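Please open the model in a viewer and keep the selection tool at hand.

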Amino acid sequence: MTRLEQIYAEKVAPELKKEFGYTSSMQIPRLSFISLNMGLGEASNNNKLIEEAVVELTAISGQKAVVTRARKSIAAFKLREGMPVGCRVTLRRERMWDFLDKLINFSLPRVRDFRGVPDRGFDGRGNFTLGIREHTIFPEINVDRVEHVKGMNVTIVTTARADKEGKMFLDLLGMPFKK
């Protein structure tokens with residue numbers, strides 16, 4: 001059991017059960033999975049950039065990244081169906097908890113001029129999406145070897161039914177939301 005998972009079981013779950021008046025422990029919001037996505041617009045022309053992104057996302061997540069490809073051709077972007085456009089990873093179970101712990105406690109505080117995460121990223125169903133401008137905030141990335149700084153999206157999918165429940169769940173886990 002990871003450190004953050006233990007915090008969830010001992011402190012967060014009882015607090016949520018008391019706050020929202022759940023009758024069953026299965027109603028308490030929990031993490032389903034975390035999805036990491038790097039969209040690389042220039043990657044359709046530069047194959048080396050895609051390979052670099054896959055290696056770096058694999059290092060960040062601890063799980064092999066998958067190349068995403070264009071679903072249809074768009075002439076204005078010089079994009080053809082099947083061309084690589086990014087990479088993604090879906091984390092579950094132990095890796096999911098480890099990544100969230102690393103994101104909250106190590107990576108987000110390394111963001112330049114960090115004042116908290118805006119809470120606008122909720123989707124109406126308790127899931128939260130966070131955009132990261134520089135992937136170099138993660139400790140696994142050697143900044144000296146990075147040729148292109150890339151951004152990424154982190155989507156935290158929960159079993160919460162509303163944004164209020166999802167926000168309180170992540171807040172209790174330690175997500176540093178703006179005040």
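A residue is called buried when its relative accessible area is under 20%, exposed when over 50%, and partly exposed in between, computed with a 1.4 Å probe on protein chains only. The model is predicted, so local features need pLDDT of at least 70 and side-chain atom pairs count only at pLDDT 80 or more, whereas totals for chains, interfaces and linings use all residues. Residues are numbered from 1 along each chain as its sequence is written, and side-chain values use heavy atoms, with hydrogens and water left out.

**Stop 1: strand 1**

Select residues 31–39, which form strand 1, and find Ser-35 within them. Helices (H or I, at least four residues) and strands (E, at least two) are DSSP runs, numbered from the N terminus. Ser-35 has a relative accessible area of 18% and is therefore buried. Leaving aside residues up to four places away in sequence, Ser-35 touches Val-89, Thr-90, Asn-153, Val-154 and Thr-155; contact here means heavy atoms within 4.5 Å.

**Stop 2: helix 2**

Next, select residues 47–61. Among the buried residues of helix 2 are Leu-49, Ile-50, Ala-53, Val-54, Leu-57 and Ile-60. Their cover includes strand 1, strand 2 (66–69), strand 3 (84–91), helix 3 (93–107) and strand 5 (152–158). Move on to Gly-62, which follows helix 2 and has a positive phi, near 80 degrees.

**Stop 3: the salt bridges**

How many salt bridges does a search of the whole structure find? The search finds four, a salt bridge being a side-chain nitrogen of Lys or Arg within 4 Å of a carboxyl oxygen of Asp or Glu.

Select Asp-101 and Arg-3, whose closest N and O atoms are 2.7 Å apart in a salt bridge. This pair links distant parts of the chain, with Asp-101 in helix 3 and Arg-3 in helix 1 (residues 3–20), 98 residues apart. Asp-101 is buried, because its relative accessible area is 13%, while Arg-3, at 45%, counts as partly exposed.

Then select Glu-56 and Lys-150, a salt bridge with closest N and O atoms 2.8 Å apart. Glu-56 belongs to helix 2 and Lys-150 to the loop between strand 4 (128–132) and strand 5, 94 residues apart. Is Lys-150 buried or exposed? Lys-150 counts as buried, at 3% relative accessibility; Glu-56 is also buried, at 10%.

Continue with Lys-102 and Glu-140, which form a salt bridge with closest N and O atoms 2.8 Å apart. Lys-102 is in helix 3 and Glu-140 in the loop between strand 4 and strand 5. Lys-102 is buried at 13%, and Glu-140 is partly exposed at 36%. Salt bridges that share partners also join Glu-52, Glu-56 and Lys-150 into one network.

**Stop 4: the second largest pocket**

Finally, select Glu-52, Val-55, Glu-56, Ala-59, Glu-140, Ile-141, Asn-142, Arg-145 and Val-146, which line the second largest pocket. On a 1 Å grid over the protein atoms alone, a pocket is an open set of points where a 1.4 Å probe fits, with protein on both sides within 12 Å along at least five of seven lines; lining residues have an atom within 4 Å of a point. The volume of this pocket is about 190 Å³, counted as the space filled by probe spheres set on the points, which are joined across faces, edges and corners.
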